[in-house]
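Visitor: I have a model open and would like to learn how to read its features one at a time. Where should we begin?

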Amino acid sequence: MQVFGLVGNPVGHSLSPPMHEAAYAAHDIDARYVTFEPAPDDLAAAVEGARALGVSGLNVTVPYKERVHGLVAVDDLAGRIGAVNTVDFTGDRPTGHNTDAAGARRALEAEGDADLDGADAVVVGAGGAGRAVAHGLADAGATVAIANRTEERAVGLASDVPAATGHGLDALPGLLADATVLVNATSVGMEEDETPVPGDALHADLVVLDAVYAPLETRLLRDAAAAGATTVDGAWMLLYQGAEAFELWTGRPAPVAAMDDALRTHLR
Ligand code: ATR
């Protein structure tokens, strides 16, 4: 039996175990997916211990993505993002990857029918999530404008992403006028029914992805639907980062429908 897992703190309410175990069941793979909450001082020992015990792969979540980046050999994208959310132990040595970037890209393409190559994309947020999304969209060929409450953080991130620009939130109406893709990578919408984007800046030519998945129907997505935009909820981004990790670990195409069923059962 193979063992996969999630390392973070806290991880008690994670939706990754049911999502990944649904994928193993769909492909008849004999595997379990379990959660681990190592103390900060034990993180390096935990990753090395997982390798020594024959664990096949780990996902990594808050607050450890940046630190695990320093513990394993990383691929180019994870290196540029500076954070690892997936460790693969199935090769000769442990390797670190960042599937959050592909999660956003694949959610927009597969569920929003977005054409990212040459698109003008707007990413709201310049934290860890914004960083992964901005690199993912730029790699797919989009020109990325990053808008953040703290403008300096957006400008700093933009200097690391090819052809990107950084702005304050007040630039959003101007940036969105010609854009075809919008991603909310802030936590706004999670705690309260609020949105970081003025509703009247949204329009029908946009594909809008909200990384927030609890609740699934955020105010941003309701405003976007009212403006005639195509909406993609945060469960799709969660799903596709998991699908990408599954594919890295197993070399098989992810059973997206089964994973989606499992996720939405738990999100309802
Ligand atoms: P994560 O790793 O999930 O991205 P983070 O690094 O703490 O978390 O970043 C949170 C993001 O949400 C940031 O872009 C933050 O803006 P600041 O850089 O100005 O802090 C954004 N954010 C959080 N609360 C916000 C709010 N009430 N209004 C606007 N942006 C907010």
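This is a predicted model: local features need pLDDT of at least 70, side-chain atom pairs count only at pLDDT 80 or more; totals for chains, interfaces and linings use all residues.

Guide: Helices (H or I, at least four residues) and strands (E, at least two) are DSSP runs, numbered from the N terminus.

Visitor: Which residues of H11 are buried?

Guide: Buried means under 20% relative accessible area, exposed means over 50%, and partly exposed lies in between (1.4 Å probe, protein chains only). In H11, the buried residues are Met 259, Asp 260, Ala 262, Leu 263 and Arg 264.

Visitor: What span does H11 reach from its first C-alpha to its last?

Guide: The expected span of a helix is 1.5 Å times one less than its number of residues. H11 covers residues 256-267, 12 residues in total, and reaches 16 Å, close to the 16 Å expected. Helix H5 (residues 100-112) has 13 residues and should span 18 Å; its end C-alpha atoms are 17 Å apart, which agrees. Among the buried residues of H5 are Asp 100, Arg 106, Leu 108 and Gly 112. Just after H5, Asp 113 takes a positive phi of about 55°.

Visitor: Which other residues have a positive phi although they are not glycines?

Guide: Asp 28 is one, with phi of about 55°. Asp 28 lies in the loop between H1 and strand E2 (31-36), and counts as exposed because its relative accessibility is 74%. Ala 163 is another, with phi of about 65°. The loop that holds Ala 163 runs between helix H7 (151-158) and strand E9 (165-168); at 61% relative accessibility, Ala 163 counts as exposed.

Visitor: Where are the cis peptide bonds?

Guide: One joins Asn 9 and Pro 10, with omega of about 5°. Pro 10 lies in the loop between strand E1 (2-7) and H1. The peptide bond from Val 62 to Pro 63 is also cis, with omega near 5°, and Pro 63 has its place in the loop between strand E3 (57-60) and helix H3 (65-69).

Visitor: How many aromatic pairs are there?

Guide: A pair of aromatic rings is described by the distance of the centres and the angle of the planes. Rings of Phe, Tyr and Trp (its six-membered ring) pair if their centres lie within 6.5 Å; planes under 30 degrees apart count as stacked, over 60 as edge-to-face and the rest as tilted. By this rule the count is four. Ring pairs link Phe 4, Tyr 24, Phe 246 and Trp 249 into a cluster.

Visitor: Which ring does the charged end of Arg 264 sit over?

Guide: A charge sits over a ring if NZ of Lys or CZ of Arg is within 6 Å of the ring centre and within 35 degrees of the ring normal. For Arg 264 the ring is that of Trp 236, with the charged end 4.7 Å from its centre.

Visitor: Is His 97 buried or exposed?

Guide: His 97 counts as buried because its relative accessibility is 12%. His 97 lies in strand E6 (residues 95-97). A polar contact is a pair of N or O atoms within 3.5 Å; within protein, one must be able to donate a hydrogen and the other to accept it, and residues adjacent in sequence count only if both atoms are side-chain atoms. The side chain of His 97 makes such a contact with the side chain of Thr 95, at 3.0 Å.

Visitor: Which residues surround the ligand?

Guide: A residue is near a molecule or strand if one of its heavy atoms lies within 4 Å of it. The residues around the ligand include Gly 125, Ala 126, Gly 128, Asn 148, Thr 150 and Ser 187. An oxygen atom of the ligand is 2.5 Å from an N or O atom in the side chain of Thr 150. A backbone N or O atom of Ala 126 lies 3.1 Å from an oxygen atom of the ligand.

Notes. Residues are numbered from 1 along each chain as its sequence is written. Side-chain values use heavy atoms; hydrogens and water are left out.
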